[in-house]
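Open the model in your viewer and keep the selection panel at hand.

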Amino acid sequence: MNNDLALLSWTIFLPTAAAAVLGVGFRDENPNSIRAMRWFTAGVTFVTMILSFLIYQRFDPAQAGMQLVSVKSWIPSWNVEYRLGVDGISMPLILLTTVITFLSALASWSITRQVRGYMILFLLLETGMLGVFMALDFFLFYVFWEVMLLPMYFLIGIWGGPRREYAAIKFFLYTLAGGVLMLIAMLMFYFNSGNNFNLVELAEMARAGTVFSREMQIIAFVLLFIGFAIKLPSFPFHTWLPDAHVEAPTPISMILAGVLLKMGGYGILRIAMPLCPYGTQVAAYALVAIGAFSIIYGAFAALAQTDFKRLVAYSSVSHMGYVLIGMAVWKIGEGGELIGRDYWNMGINGAMFQMLAHGVSSAGMFFMVGVVYDRVHHRDLNQFGGLMQKMPLYSGFAIVLFFAGLGLPGLCGFIGEVFVVLSSWNYSPLLAIIAASGVILTAAYILWTIQRVYLGPEYRGPHPEALSEMNEREFSVAFTLSALAVVLGIVPNTMFRLMENTTDQLTRTMQQGYEATREEPAVELSLTQESPFPALPNR
Amino acid sequence: MSESVQQLLMWLIPGAPLTAAILIALFGPKVLRGQSHWLCWLGIATAFGCSLALLTSITPEGFAVDPSQPAVVIGYEWIKVGSLDIRIDLRADAMTSIMLSMVTGVSLLVAIFGSGYMHHDPGYPRFFAAVSLFVFSMCMLVLAGSFLMLFVFWEAVGLCSYLLIGFWFRKPSAAAAAKKAFVVNRIGDFGLLMAMFLIWRTFGSLDFDWVLNSGSTEWQMIIGANRETITLICLCLFLGAMGKSAQFPLHVWLPDAMEGPTPVSALIHAATMVTAGVYLVARCTPLFVWAPTAQLVVAGVGAATALIAALTALMQYDLKRVMAYSTVSQLGFMFMALGAAAAGPEYVTPAVTAAMFHLFTHAFFKALLFLGSGSVMHSMGDVIDMRRFSGLRRVMPTTHWTFLAGAAALAGVPPLSGFFSKDDILASLSAGMTHGDHRLYFAIIFLVAVLTAVLTAFYTFRAYFMTFWGPEKFPEEAGAHPHEASPVMAIPLQILALLAISIGFIVGPLTHRFSSYLAHTMGLSETHPHLHWGLMLLSTAIAASGIYAAFVMYVRSPAKAEEARLRSGRLYDLSQNKFYFDEILTTLVVAPLRRLAALSVSFDRTVIDGAVDAVGRLPRLLSQAPARLHGGVVGNYALVMLLAATAAVVFVVQALGRQ
């Protein structure tokens, strides 16, 4: 028990400790010190990754519930606890986070200004992300969520491209709005549950169906969904993403696409759905429709881009649409009974897998864009071409990663897409067809990109002399991501094994919660009965 | 043969080329370089040997035990989630064994030819790595035991095709052709995906041994209850087949695919991959027999494709493009035959057998024709325009006679292989014309087939005469001494020529070897076909008339060709411009999609971002209104003060007045 607490806490806070060391022990002055800071940061993220492997080792996939649960009292007067744990939904995402962060740290060599500040914020960001994935207390979750927001704001705003301020503020406002909505929902649950922040207990109350009324669930779900959909991002809350990606430095884009977007999906699975089963069911069709629309919309928008990074950013909008569909294909009959739980399980598993696959492939794509941007300092798709000839190894890896994004069987992108579309067929054939037709558009924009960047006679843009092959560091990042894309595509069971029991339990409890809530007599929304701002507990 | 040996064989067939592909990819560029072809040859030769062994092991003894039982090798569990359990299994039956032997055999010959053709190319190892990868994927495609696995390798062969069409990626046209091939194929893949979902929903499984096994009563109940869905499934499957097998209107990618190296055109875009669609429909015969509407669609699309492609081939001057359109047209023939299974239950097996037999013979003579074209191209310094060379028969005697053998087989000259297979197809169509519910429909299709056959003989021999007859003429790119193919290229040509000549009467309707072997496939039955003497005469007349017309126009009196060209006017234009399909597709499909793409971006910019920015500006606006009041102009303050004072006075006076 104590061991678990130590392990989880060390995993979360090791980067923070390292950031403190950076703040005290290093100076920005000379190249040696900068090199030392880079390796130090990479080393810390590597150790964090090893720690997450230790968590994985202790994790028992056969169990469905929360594991390694560790609790410490934090703010007893408000019933806030420092409560951590992992289950089949968070475990794969924790692994994804530490791996992508380590690779991004290796990709951070391109940062040459104010390296110390960058590295400190980078490490704090990792703490925030890991905290979000492990927190089992709503308040703690919210704190980590906001903790992650600030470093990101500065990382884009200070180390970004020419329009970094606009992008950073847009990111901040969007995410802040999402955070505020989440805060309102959090308080709704807090005051309706007898001052409880414990996510597991709240989910249990929702399952019992007597605590949260139908209206409250619907309102809370909408608030939470918008909050998380901004992160996901899903149409129409997505426009911060292209700007943020275009301006963010390469490693930050990798984290943004590889991990941050997954928090939207994770939030829906961890909070919005289990806490509001009734709300989820009411909104299910809208969610699936939004997901299908996002797929098509994102693909069309990607098709029209001339900025390499913007194109990859819109491809994320398109790919994350599958995540939304997969989670929401919850079909019920006239009497509220569940139709085809296997399909829904499959959809959630597919959505989870799609998050992991997208984490690998889009981080890889952004890295590949970054490699060439570091050399020629532009991203104009119309000024590329012929890179295959100049950088064959780089182009080979890039094509593997782009094909992973395209959803080629044998690579990671395929499985999530097929699972999701297959499951949505049970829910609504029309939406399934719309979602599936995305494969054509995806192929079109990805292959057109490959044609414009890698194929063709020769490179005619600026700085042709700078197009040298990847160095060892870049090679190792590209190789790791490509290898992950292949491994996940060929042995997907390594990940499905972790999550299947948890998702199975999730669908079962949600159905119970829905049925229980559905039968409850209507009650007034509790918030209106009491004062909207209940008195703070007396000290 | 013991079961473990058979399993080993089945693993080796895809395993050997895969190993070769990986090794060449790893060591090719640095270590093997110009010797990369050895590994590729070794891998494919192993696969070929194993395929032949499998071919003999799977029959006849194997069938004596249980005729419907295929050889299955359990692979590994790919995906296992809840009730979903998808394994990578290898499954071989009669149809698989035939396809495997054909694929690996042609691949081996093409790989040998390729080592001569690609000599000196800087991408030499890459070529052989991709070819090995293709052979692996294609073997897995035909060994697939479930629709999902079939789909996976369906995409994989598409990837190999993409990589090889774009092999000379520096050429913008090659890069564009590769993209076009993949994207157009994706439209078909979308259909296949849909079919897969529908099958999964209807049958609860994707395994061939369940979905295509018409034996069980449960299966028949499913079919009976879902007739409309079955039709939909078959149409979706056929959409997939249309993409891969380049059927109208998705045929536009195949002619462009000729940008790839010629051995690739021979292997992937003539003999093997493009026939995967035919294989798929033939494989799904047990479903198609329950969907006569789909069968009619198959036949109709096949007929339209065959005719349009043959008309287009008439006036092409690019030798490889003539062959490409010919491939499209011949694939249309195969689909016509598959559709003719609608004539009635007893005509299913002959129809499917005819299609598969044509697929089989076509692989040999079309690969031969492509490799022959490649040999011409190699010798002419990469010039492929038939107007720029002629009279090559003395300079390139081996290429000449082998090309002639292939052309004669394609034109249907008896007793070459193409003659027998085309004759079988015509027989199936005439069965549809005289039996079943759709006689008129099949009568039209039969006429189209006959017309197409005449055109085929004509354009094939037009190409032959333009290339090998007439005055000796070489382009300057060919250098001083155009040369005959080197032995490494000539030997595959000769072997293929012998096969194209003889395979028809060795295994064809004269001996029934092919049909009686293939009959041991799920959904097919043992039949005793008879020879169709009347049709054979007709076929002979067709071939003779086409060849004679070509001879008259392109050898005896070339002025006639000019005259015919002038007289045909409009049709000539259409044929030469490929019926403007590329332009039509660009206007009707690509341009609207582009416009939609631009629309989504401007929607993002103006509507969504406009709203977001407006919200962002809101606080400033709210603060601006009071700010304007505090502009610092004293006059304003005085005015406001005056107004306020007046208002106050008025208010007070009124208030007092009311009291």
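Start by selecting B:Ala497, which lies in helix H21 (residues 487-507) of chain B. Helices here are DSSP runs of H or I with at least four residues, and strands are runs of E with at least two, numbered from the N terminus. This is a predicted model, in which local features need pLDDT of at least 70, side-chain atom pairs count only at pLDDT 80 or more, and totals for chains, interfaces and linings use all residues. Residues are numbered from 1 along each chain as its sequence is written, chains are lettered from A and ligands numbered from 1 in the order in which they are written, and side-chain values use heavy atoms, with hydrogens and water left out.

Stay on B:Ala497 and show its surface: the residue is buried, at a relative accessible area of 0%. Buried means under 20% relative accessible area, exposed over 50%, and partly exposed in between (1.4 Å probe, protein chains only). Next, display B:Leu368, B:Trp401, B:Thr402 and B:Ala405, which B:Ala497 contacts when neighbours within four places in sequence are left aside. Contact means heavy atoms within 4.5 Å.

Move to B:Gln295 in helix H15 (residues 292-314) of chain B. B:Gln295 is also buried, with a relative accessible area of 4%. Draw a distance from its side chain to the backbone oxygen of B:Phe288, and the value is 3.4 Å. Beyond four places in sequence, B:Gln295 touches B:Phe288, B:Val289, B:Leu338, B:Gly339, B:Ala341 and B:Ala342.

Now colour by chain and turn to the interface. Here 57 residues of chain A are in contact with 45 residues of chain B. The two chains bury about 4,600 Å² between them, 71% of it on carbon and sulfur atoms; buried area is the accessible area (1.4 Å probe) that two parts lose on being put together, summed over both.

Zoom in on A:Lys170 and B:Asp609, which form a salt bridge with the closest N and O atoms 2.8 Å apart. Finish on helix H17 (residues 429-453) of chain A, which gives the most to the side of chain A touching chain B, with twelve residues.

Conventions. A polar contact is a pair of N or O atoms within 3.5 Å; within protein, one must be able to donate a hydrogen and the other to accept it, and residues adjacent in sequence count only if both atoms are side-chain atoms. A salt bridge is a side-chain nitrogen of Lys or Arg within 4 Å of a carboxyl oxygen of Asp or Glu.
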